[in-house]
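Student: Could you pick one part of this fold and go through it slowly with me? After that, I'd like to hear what else in the model is worth a look.

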Amino acid sequence: MNGPETPWTVLSLLTWAGEYLAEKGFDETRLHAELLLAHVLGLSRLDLYLQFDRPLISGELGRFKALFRRRLAHEPLQYILGETEFMGCRLEVDSQVLIPRPETEQLVETAIGIARGTGGTGLEILDCGTGSGNIAIAMARMLPASAITACDVSPGALAVARRNAERNGTANVSFEESDLFGECLPGRSFDMIVANPPYVSAEEYAGLQAEVREFEPRIAVTDGGDGFRFIRRIARLAAERLRPGGTLCMEIAWNQADTARTIVAGEGLQQVQVRPDYAGHPRILTSVRPGGGA
């Protein structure tokens, strides 16, 4: 580290912070250091590169040090920064909501493709367990003539999701507090149900990295059982609430495809497919409630 007689500059602090994180076993260390410092200074990452020689004052160093300590404790970078990006949407995230993953972008892309294939207008779509609202908001932006209902059991998550919808100007999303295992949105039916449920089993949860286990909401990650509790419930909900010809799109774990297919088909849904994610793992399940027109 720099001695007291040597002032920290943008470059020297980034170099030291990146190397220190690497020594502690973190990944993407330089990127994380840059994002933390850019956040403290109110700059873009490009601006950092244009100001490498800029000396840092004590207040800036103090703010960086506080955020850096949080990252060293394995708090996710997105929570530290207070936001993340999902399909071009800037989203607020905190410990009340799951951090959106790239795999879920593929779920949304699949759902949007199916919706557009049916005309994509006037559809009523349900997002089960909306969390930050990432799925509902991305779909609302891509399908402006459709109405998306997003439900979650957590009032805190719904508060975050509502702020995100306002931030992204999506007026065609509504939010409902609802328990999937209770009387979920009684009397309503939908053209599509989309879900990224808690599919990590209790056994697998114990082995997850500290960033997930210690900081992300447990209820959004694991069902506390075999990993299929929410998948079973959403499959039944789809069989009951999808209109004839309506589609279920659901994210599952890489090792759940065969059992998930059986569960969904057992509820009477047809055309059950599991599509690969970008890494080639079977992750995106789609199925159709029979009875729609040709």
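**A strand and its surroundings**

Tutor: Start with the unit made by strand β3, helix α7 (residues 134–142) and strand β4, a right-handed β-α-β arrangement. Right-handed here means that, with the strands pointing away from you, the path from the first strand over the helix to the second runs clockwise. Keep in mind that this is a predicted model, where local features need pLDDT of at least 70 and side-chain atom pairs count only at pLDDT 80 or more, while totals for chains, interfaces and linings use all residues. Residues are numbered from 1 along each chain as its sequence is written, and side-chain values use heavy atoms, with hydrogens and water left out. The element names follow DSSP runs numbered from the N terminus: helices are H or I runs of at least four residues, strands are E runs of at least two.

Now β3 itself, residues 124–128. Four of its five residues are buried, where buried is under 20% relative accessible area, exposed is over 50% and partly exposed is in between (1.4 Å probe, protein chains only). Strands count as paired if DSSP finds at least two bridges between them. With β4 (residues 147–152), β3 pairs in the parallel sense over five bridges; for instance, D127 stands opposite A150. β3 also runs parallel to β6 (residues 190–195), joined to that strand by four bridges, and there I125 has M192 as its bridge partner.

Moving out into the loops, look at L98, between β2 (89–92) and α6 (102–117). L98 is partly exposed at 22% relative accessible area. Leaving aside residues up to four places away in sequence, L98 touches Y79, S132, N196, E216, P217, A220 and V221, a contact being heavy atoms within 4.5 Å.

H74, in the loop between α4 and α5 (77–81), has a positive phi of about 75 degrees although it is not a glycine; H74 is partly exposed at 29%. L185, in the loop between β5 (173–177) and β6, also isn't glycine and has a positive phi near 45 degrees, but L185 is buried at 8%.

Next, the rings. There are seven aromatic pairs; Phe, Tyr and Trp rings (six-membered ring for Trp) pair if their centres lie within 6.5 Å, with planes under 30 degrees apart called stacked, over 60 edge-to-face and the rest tilted. Y49 and F52 are a tilted one, at 4.9 Å centre to centre and 45 degrees between planes. F64 and F68 are stacked, at 5.6 Å and 20 degrees. Both of these residues lie in α4 (residues 58–72), four residues apart, about one turn of the helix, and both are buried. Ring pairs link F64 and F68 with W8, W16 and Y20 into a cluster.

Last, the salt bridges, of which the structure holds 18. Each needs a side-chain nitrogen of Lys or Arg within 4 Å of a carboxyl oxygen of Asp or Glu. E83 and R167 meet at 2.5 Å, N to O. E83 lies in β1 (residues 83–86) and R167 in α8 (residues 155–167), so this pair ties together parts 84 residues apart in sequence. Both are partly exposed, E83 at 26% and R167 at 43%. E267 and R236 bridge with their closest N and O atoms 3.4 Å apart. E267 is in the loop between α13 (257–266) and β8 (270–276) and R236 is in α12 (residues 229–241), so that bridge links parts 31 residues apart in sequence. D277 and R283 meet at 3.5 Å, N to O, with D277 buried at 8% and R283 buried at 9%. And shared partners join E83, E85, R90 and R167 into one salt-bridge network.
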